[in-house]
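Have the viewer open while you read.

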Amino acid sequence: MTRGPVGGEFTGKHVTVAGLGVSGIPAARMLRSLGAEVTVVNDGDDERARQQAAELEELGAAVRLGDGATLPEGTELIVTTPGWRPDKPLFAAAAAAGVPVWGDVELAWRLRGPDAAPWLAVTGTNGKTTTVRMLASILEAAGLRTAAVGNIGVSLLDAVLGGTPYDVLAVELSSYQLHWSPSVRPHSAAVLNLAPDHLDWHGSMEAYAADKGRIYQGNEVACVYNAADPLTEELVRRADVVEGCRAIGFTLGAPAPSQLGVVDGILVDRAFVEDRRRQAQELAEAADVNPPAPHNIANALAAAALARAFGVEPGAVRDGLRAFRPDPHRIEHVADVAGVRYVDDSKATNTHAAEASLGAYEPVVWIAGGLAKGATFDELVAGAAKRLRAAVLIGADRALIREALARHAPDVPVVDLDRTDTGAMAAAVGEAARLARPGDTVLMAPACASMDMFTNYHARGEAFAAAVRGLASGRSAARER
């Protein structure tokens, strides 16, 4: 595999960093430590940006606030934060001047040393973080020095240059990061699924899929795809990989040769066995996956496929999955109250994620709504209609979901809470409790972003959990009386 330039080649190089924030600031610091002449440009000019600028100026970087459109004179390279859209005027000016544009992931890749840890990379519309963390848990169970990095956990720049001797890295990559990473070549990679998302940034579904597909370029051992999602397999077919690299599918059904799948509640491997036409290797039980919802089992299979591609033994797959604990607000069981299960999936911020969440439970009292981000809900509601006991709607774009329910689930009772204050969540939980019956699941899977009512999906999930705990304590107090 080819290696990029070593850090010394940045000495005296004029580099423009596009954007402050969680990736721009570390990139600027790293480049200054390598001797680059750094100019940081940023669209915003608020108090926080000024504080960040002052810190970077102390390191010798120049910072231009409120002017992210003009290419600084003498720029030889742009390193951009992932959120900057490709149609920004800065990038048009760079193209006209012949100046290359890298993301922070590309920078990290090119700064790797000759003995750098291989990357096992994951992308997809949903499930990336969970799968990468599962993968890291499996790799740790195998006794390997690893970290979950990229769009999660440890910064890739810190992982590459921080001095820790990793054996392998579990790397989460977003479509934004992949767009700005032309030369990244993972050992093996997975695309979990593809559904319309971030189309305002990419411009079209075709462009979004093409950026996701970059993760397969140059793979050495395995391109892991979702057998239930033909788009992911098509990306494998288009990829230019190292000779001998294999296409490895994962499925919730019985696996064909060169696939991982599920047989009688057992996760099995028919890809990395001596005779994949006649043999299957047991890896774990479905009950070892936490939680064992179908889409989470799919995540586990993808993680297992990448680990097996790296030579991890079956026992470590089982032990790693057993040790894994999901992040908060991802199909998280909050409590059982009066025979009703309450589940927080605030991370389900789009229809694809909500579809997977709704598919894991039956019957469901569904709490949904927020900022739709241009999404439509007919397909989601039509697919889930038979599972719904009732729906409670909150948020700015709840009318879109209400109208879809009227078209595709007219018999499902709907409570439309005409409020967007944060207290609406407690009211929603109260309404859901009123509608639910013992054995039901009250599922908060909003299918929308949270920023109309909350700071982020974490805050929304915390509000739901607090309301459920309040409901539980109220029931306990009533019993005591």
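**Two helix pairs**

1. Start with H5 and H11, which are oblique to each other. Keep in mind that this is a predicted model. The axes of H5 (residues 128–141) and H11 (residues 294–309) come within 8 Å and cross at roughly 45 degrees.

2. As for handedness, H5 and H11 make a right-handed crossing. On the H5 side, the contact uses Thr130, Thr131, Met134, Leu135 and Ile138. H11 brings Asn296 and Asn299, plus Leu306 and a set of alanines: Ala300, Ala302, Ala303, Ala304 and Ala307.

3. What classes of residue make up the contact of H5 with H11? Nine are nonpolar and four are polar, with no charged residues.

4. Now for the other pair. H1 (residues 21–33) packs on H2 (residues 47–58) at an angle of about 15 degrees, and their axes are 10 Å apart. Angles under 35 degrees count as roughly parallel, and H1 and H2 are therefore described that way.

5. The crossing of H1 and H2 is right-handed. If you want to select the contact, take Gly21, Ile25, Ala28 and Arg29 from H1, and Gln52, Glu55 and Leu56 from H2. By class, that contact of H1 with H2 has three nonpolar, two polar and two charged residues.

Terms used. Residues are numbered from 1 along each chain as its sequence is written. This is a predicted model: local features need pLDDT of at least 70, side-chain atom pairs count only at pLDDT 80 or more; totals for chains, interfaces and linings use all residues. Side-chain values use heavy atoms; hydrogens and water are left out. Axes are lines fitted to C-alpha atoms, for helices over the stretch in contact, and angles run from 0 to 180 degrees between N-to-C directions. Helices (H or I, at least four residues) and strands (E, at least two) are DSSP runs, numbered from the N terminus. Angles under 35 degrees count as roughly parallel, over 145 as roughly antiparallel, 65 to 115 as roughly perpendicular and the rest as oblique. A crossing is left-handed if the near helix is turned anticlockwise from the far one by less than a right angle, and right-handed if clockwise. Contact means heavy atoms within 4.5 Å. Ala, Val, Leu, Ile, Met, Phe, Trp, Tyr, Cys and Pro count as nonpolar, Asp, Glu, Lys and Arg as charged, and the others, Gly among them, as polar.
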